[in-house]
Amino acid sequence: TYIAEDRATFELMRRNADAIRALTEIPEFNAGPLEVLEDTRDAIARGLIKGVDAEFLAGSMAAVAIELGIQMVRRDPIDVAFTTRFASALFLGSIEGLEALGNAPGSPAA
């Protein structure tokens, strides 16, 4: 919804992706992805997801959100609900394969 409603800011973010990635080291700018990481860790702790690399999964979700936002705003009409369902299906359908893969070397959970 944010991407659809604030196109000017989103376009600025897209053009300056490297600089924005550097901002992820500043907690105030990283609140959304940090919440996803916390939720992912919580799901692992509760046994809802087993043996998945939490940092890779949360980072992937953040990256996919940006790219799907780019694709979504190129369409007319913009369909936030479909884009959200697409992202959910993409990740929920992939969790089983990720569970089989396990954690990356160097992962805090490895």
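Colleague: What pattern does the chain follow, read along the sequence?

Modeller: The pattern is α-α-α-α-α-α. This is a predicted model, with six helices and zero strands.

Colleague: And what share of the residues counts as buried?

Modeller: Of the chain's 110 residues, 21% are buried. The accessible surface is about 7,600 Å², and carbon and sulfur atoms account for 60% of that area.

Colleague: What about contacts between residues at least 6 apart in sequence: what percentage join residues at least 24 apart?

Modeller: For this chain the figure is 59%.

Colleague: Which residues make up the largest nonpolar core?

Modeller: Six residues form that core: Ala-43, Ile-49, Val-52, Leu-57, Phe-91 and Ile-95. Another core, of five residues, lies apart from it, and its members include Ile-3, Ile-70, Met-72 and Val-73.

Colleague: Back to Leu-57. What does it touch, leaving out residues up to four places away in sequence?

Modeller: Leu-57 is in contact with Thr-40, Ile-49, Val-52, Phe-91, Ile-95 and Leu-98.

Colleague: Thr-40 is on that list. Where is Thr-40 found?

Modeller: Thr-40 sits in helix α4, which covers residues 31-45.

Colleague: Is Thr-40 buried or exposed?

Modeller: Thr-40 has a relative accessible area of 5%. The cut-off for buried is under 20%, so Thr-40 counts as buried.

Colleague: Which backbone oxygen does the Thr-40 side chain reach?

Modeller: That of Val-36, at 2.8 Å. Leaving out residues up to four places away in sequence, Thr-40 also touches Ala-54, Leu-57 and Ala-58.

Colleague: Now the surface. Which residues form a nonpolar patch there?

Modeller: Phe-82, Phe-86 and Leu-90 do, and together they have about 270 Å² of accessible area.

Colleague: Where is Leu-90 placed?

Modeller: Leu-90 belongs to helix α6, residues 80-101.

Colleague: Why is Leu-90 called partly exposed?

Modeller: Because its relative accessible area is 37%, and partly exposed lies between the 20% limit for buried and the 50% limit for exposed.

Colleague: One more topic, the peptide bond from Asp-76 to Pro-77. Is it cis or trans?

Modeller: The Asp-76 to Pro-77 bond is cis, with omega near 10 degrees.

Colleague: Where is Pro-77 found?

Modeller: Pro-77 lies in the loop between α5, residues 54-73, and α6.

Technical notes
Residues numbered from 1 in each chain as written. Predicted model: local features only at pLDDT ≥ 70, side-chain atom pairs only at ≥ 80, totals over all residues. Heavy atoms only, no water. Patch = residues over 30% accessible without salt bridge, like charges linked within 9 Å, V, L, I, M, F, W, Y side chains within 5 Å. Areas by Shrake-Rupley, 256 points an atom, 1.4 Å probe, with all protein chains shown as cover. Salt bridge = Lys/Arg side-chain N within 4 Å of Asp/Glu carboxyl O. Helix = DSSP H or I, 4+ residues; strand = E, 2+ residues; numbered from the N terminus. Buried < 20%, exposed > 50% of the residue type's maximum accessible area, 1.4 Å probe, protein only. Contact = heavy atoms within 4.5 Å. Core = buried A, V, L, I, M, F, W, Y, C linked by side-chain atoms within 4.5 Å. Polar contact = N/O pair within 3.5 Å; in protein donor to acceptor, adjacent residues only side chain to side chain.
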